[in-house]
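Reader: I'm new to this one, and I'd like a close look at a single part of it. Could you walk me through the sulfur links?

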Amino acid sequence: MNVLHSNIFGYAFAAAIILMGQYVLQAMSTSSSQSGDSLHDNFIVFDSAPDKVIDGSAIRVQYQCSWPCQLAVEVVVISPPRRTGLVVFRREWISSKPHRGPRIHEVRLRFPRSLVYQRDFFNRHILEVQHVTVRAWLDHLNDDYEPSTYHDSAVRIHKVLQIVPLSERPTKPPTECPSWPAELMWQMTRDRIYQCPHESDTIDILKFPLASTGERFGVVRKFQPFINRDLERARLHAVTQPSVTISVWIYLLKWCRRELCGIIHHVDRRNIYDSLLMQLTDTGDVIIQARLTTGGDEAFRSHVVLPLWKWIRLDCYIQDSKVMLDATWDNETHRHIYKFQNNIHYDDTSGYFAIGGGKYMPGIKGYFGNIKYYRFGTKKVKNPLFPKTTLEDLDKTHRECEEIKGFTTAFLQGVTQSHQALNKDFCIPHFITLWGQFGRNICQQTWTWETQLKHSALFRFLQTKEEDLRTGSWGMNNLQHLRTSLFEQAVGIMFNLDQTDIQITSTLIALLQASCCFGNHQASLLLATIHLAGLGRSMDQQQGHVYSLIGAVGDNRFTLMHVGYKHTQGIDGFPKDFDMAYSYYSNAGAQSNIDSWNRQENKQYPPDHIYLNNEEDLKSLTHESSDAFQYLKFQAERGHVESQKLLGTILFWGQNGASKDIASAVKWLERSAMQMEDPSAMYDYSILLLKGQGVKKNITLGIQLLEKAAAMGSIRALNGLGWYHSTILKDHKTAVKYFEQAARNGSDDGMFNLGIYHLTGNNPDSPWMNETAAFQQFLNASRFGHVAASVEAAWYLSTGSLEGVSQDVERAVILLKRVCERNGHLGYMIREALQAYLQGSWGEALVKYVLAAETGLGLAQTNVAHLCEALNLRYDFQWRYHNYSILNYDPHPSGLLKMGDYYYYSSSSREDSLSLVGRAISMYSRAALAGSPQGMYNLFVLAQRGHVHPLSLRGLLNVSRHDNLDILAEKILQRCVEIEHEDAVTPCSLALLRVQMGKALRKMTQNGAQLVLAYASLLSFFIIIIIVPVQICFEHLQINTEQRNANRHAVEVRTRTSAVNQAGVNWNRMQDGIMGRLGSISRMAENLWLTILNGEQWLRQTSDLAVTVSGVCLCAFWITLLYHLL
């Protein structure tokens, strides 16, 4: 019974389930179709479909509709950065009548040409896709025939097509005739093979050591998106799922001065920290900070204390949310692993990366070695220490410096305690003790005998200064005096007595090394110069790099400029890298900005641009004993306002070779200002009154003078009033008004102050931060040489972080280099070098000019080359600095002319003579473009010899490339004459006259009548040459004849007088005979003279006619010649 009952219950339950299923199916059919038919009566499938994306391929769709339905076939593509599908093809049709059997519909697919064809001249825009899907769908029609979509359809199907690689796609046949220019361009480019540039996900961020001073300066690196679309697609995918590896070599001299300092940090385009930040603490730990995909920041601290005085490699591996940090030194690796709560957000193309310090974070105190960056990560880092020998020598030198410091400290401690303690603590070898006395002397030594021998030069120097150290004449700061004395003694023994030869001995090197170790980094710079330039010894770039980096890490402004200059030009083994150059120049520029506020210091002078090879520059010096200075002082004492102001300015700043004398300067500035005539003088004195420099502070009088000067038109006074209202009165609205007025009139200070208001948002009229307007004001002020504005503008240019401002690191470096070269301390060094030269200490002058030349200062480089030539030093050392001087952005023409001469005269003895002549022409052209008449004349000479000149010079002279060399030569000489003094007769003016005369004569010979006139003039010239001497001869002959006649007449008179005194008959007879003979002779002479006079008169008439005709011909010739000349 129980079994029966259970069977009956089972049958009943099954029937109920079946009945319920029918009701459910009926409900589902009702919801999907108004007719109530089941879904299995409607279907759609691909009867045949292509596997690849091929234009024109056919697809057959098999379907069945139990009710009027709408069908469609469409192609959808997905291309980055879009994540939604894009419909590129669609075909729709309607089946209006229901049918019982399946039907087949064929559709021919049409793809856009950017999807199926190769890139060529006519098909330039190619669509890069990730997926191509062909899909079909079916849906019943509503009563209102509303169109349906794929996702709303009742039945749907799809198939993914294979994408044909770009290299395998066919070329699209032309469908229309191109225009003639397009056809020509296609013919020129159709055989060109386009190659994708080589791209790698492994980047060497640093390949050369970087000195980090522990301040807010470092190397800025920006990473661009990949050009290769596959790599860029992978990078974009890795933004939220990163796989990145960074390997960094560092050498720590100290741990952080503050709580944190930067190793590497990433700043995004909004100037906010982004992934990744690697920081060092003041206890030697490393902190890693990252931004997560959720938008928050998270960090962890690896408790691995990094050692000092060792090269350490930090390898940071990032994989999704996990970070692994390996710290390796002494062949031992310390690993720390941390996993964040979410994936790390990592976009390296946003913003920039800073190596070391930056605007918002100080850097480490030490050095960076090579840094390698794997954008897609790696399991094994390949980043050996490079250049290994240089970096190992750097470590060795620092350790030697510690040894020198310890040795010197022990010596100083012994001396300061007592002179006897020095003898007691000083270790004397045993054999010397036995030599001096019997028995054995036991001493308490503080250093070993080997250490004393190693630093024997330093020990001997310390012995010479023992008395000063013992008596305390150096004061409390012994080390400062010590390093200065070491450097001065080394420079003193660098030259022989007559200062005609450099002597670089081991003692000199040892003294410079000791001075360097004690912080005098002018010694570091000199050591770097000795090794890099081969000054007095063979070149050693490796040692030169070591001392350059030591000086730079010591924060010495000259060495910072030196290393920055080397990286700017890529010389002396330093790689050309503007980012690294900016890291050094930005530091030197910031120091120059601070120095500009303290220019009244005794060791700051404005750089005097005095070239030693220019006599006019040397004569322009107005030192106190010069005639020019005395005359200026005489005029000032007479009350001449301009002389008083000029004299006060010269004495205040120490210009033109004069020494600073603040008291006398203030006196003369006061006298010129209080006459109320010169607004510039009134402004200068008012600033002194407001700041209290050299005079008692008097704000009331200072403001009165400022207002008076502004009313008289002083632009600087307007800026001064703005400063007063901003700083003293805190009236920002009035201050901005004055700053705007000053900026509109060309005041660089006004532009800078206005930029500060835009940057801080303190402008009452626009109380918000406007970095774009601030940058524009800074850039405008930097064009006038404003120091602080140049520093600010350079930062924006170096990072490119401001919207609308592209990264231009080279321009930033140029701005900072120009600012640094106006540094007051550099001017002081140049002044000392000039004074040494004028006093005859050419060796000392050479050393100081060399130090300035290594900073990249063109003036110093030219003067070094001149001194090398005067001292007859090595030929290559001389030309080294001539060559460096022309590498500057604004080289002096003298250096260009020297290098041009070097190339031209070297061409006669070398095989590549044409190349050298081309270089010479380039040098002369640059000198000519800089305004050198000598450069112009040299180009004229080369043009006369048939050499081709560059197109830049032709463009400047407005000469086309089709014009001949004669036209070019004439244009060159005309420009040369314009540059030279108008009243002077110069080689260019004489050469121009010769060229124009030759040109005029050639024009005359091209015309027949003018040619005849020229020949007639030439003949007339010869006629005049012949006739004029003949006429002179006849005149002399006539004069002689007249004198003979006069003499004969005198004889006759004397004869008659003597006849009266004779007696008688004898005299009468003699008189009759003599008179008869004289009469006959006189008649014959008169007849001959008449004949001669007649001939002379004819010759004179003929010669006068010839001279007249010749004069007419010559006059016509010169008129014609002047016509052609003018």
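Which hand does the link of Cys-976 and Cys-988 have, right or left, and what is the angle about its S-S bond?

Author: Happy to, and keep in mind that what you're looking at is a predicted model. The link of Cys-976 and Cys-988 is right-handed, with 70° about the S-S bond. The two sulfurs of Cys-976 and Cys-988 sit 2.0 Å from each other. As for where to find them, this pair links distant parts of the chain: Cys-976 belongs to helix α37 (residues 965–979) and Cys-988 to helix α38 (residues 987–1005), with the two cysteines twelve residues apart. Cys-976 is buried, because its relative accessible area is 0%, and buried means under 20%. Cys-988 counts as buried too, with a relative accessible area of 1%.

Searching the whole structure turns up four disulfides. Count the bonded cysteines along the chain and the pairing goes 1-2, 3-4, 5-6, 7-8.

Have a look at the one between Cys-65 and Cys-69. Here the S to S distance is 1.8 Å, and with 85° about the S-S bond the link of Cys-65 and Cys-69 is right-handed. Both ends are tucked away: Cys-65 is buried at a relative accessible area of 0%, and Cys-69 is buried with a value of 0%.

Then there's the disulfide that joins Cys-401 to Cys-517, with 2.0 Å from S to S. The torsion about the S-S bond of Cys-401 and Cys-517 is about -70°, so this disulfide is left-handed. It links distant parts of the chain, 116 residues apart: Cys-401 lies in helix α5 (residues 388–417), while Cys-517 lies in helix α12 (residues 506–517). Cys-401 has a relative accessible area of 8%, so it is buried. Cys-517, at 10%, is buried as well.

You'll find Lys-254 in strand β11 (residues 243–254). Together with Arg-216, Arg-257 and Arg-258, Lys-254 forms a positive surface patch.

Definitions and conventions: Residues numbered from 1 in each chain as written. Predicted model: local features only at pLDDT ≥ 70, side-chain atom pairs only at ≥ 80, totals over all residues. Heavy atoms only, no water. Patch = residues over 30% accessible without salt bridge, like charges linked within 9 Å, V, L, I, M, F, W, Y side chains within 5 Å. Areas by Shrake-Rupley, 256 points an atom, 1.4 Å probe, with all protein chains shown as cover. Salt bridge = Lys/Arg side-chain N within 4 Å of Asp/Glu carboxyl O. Lys, Arg positive; Asp, Glu negative; His and termini not counted. Charge placed at Lys NZ, Arg CZ, Asp CG, Glu CD. Helix = DSSP H or I, 4+ residues; strand = E, 2+ residues; numbered from the N terminus. Disulfide = S-S within 2.5 Å. Buried < 20%, exposed > 50% of the residue type's maximum accessible area, 1.4 Å probe, protein only.
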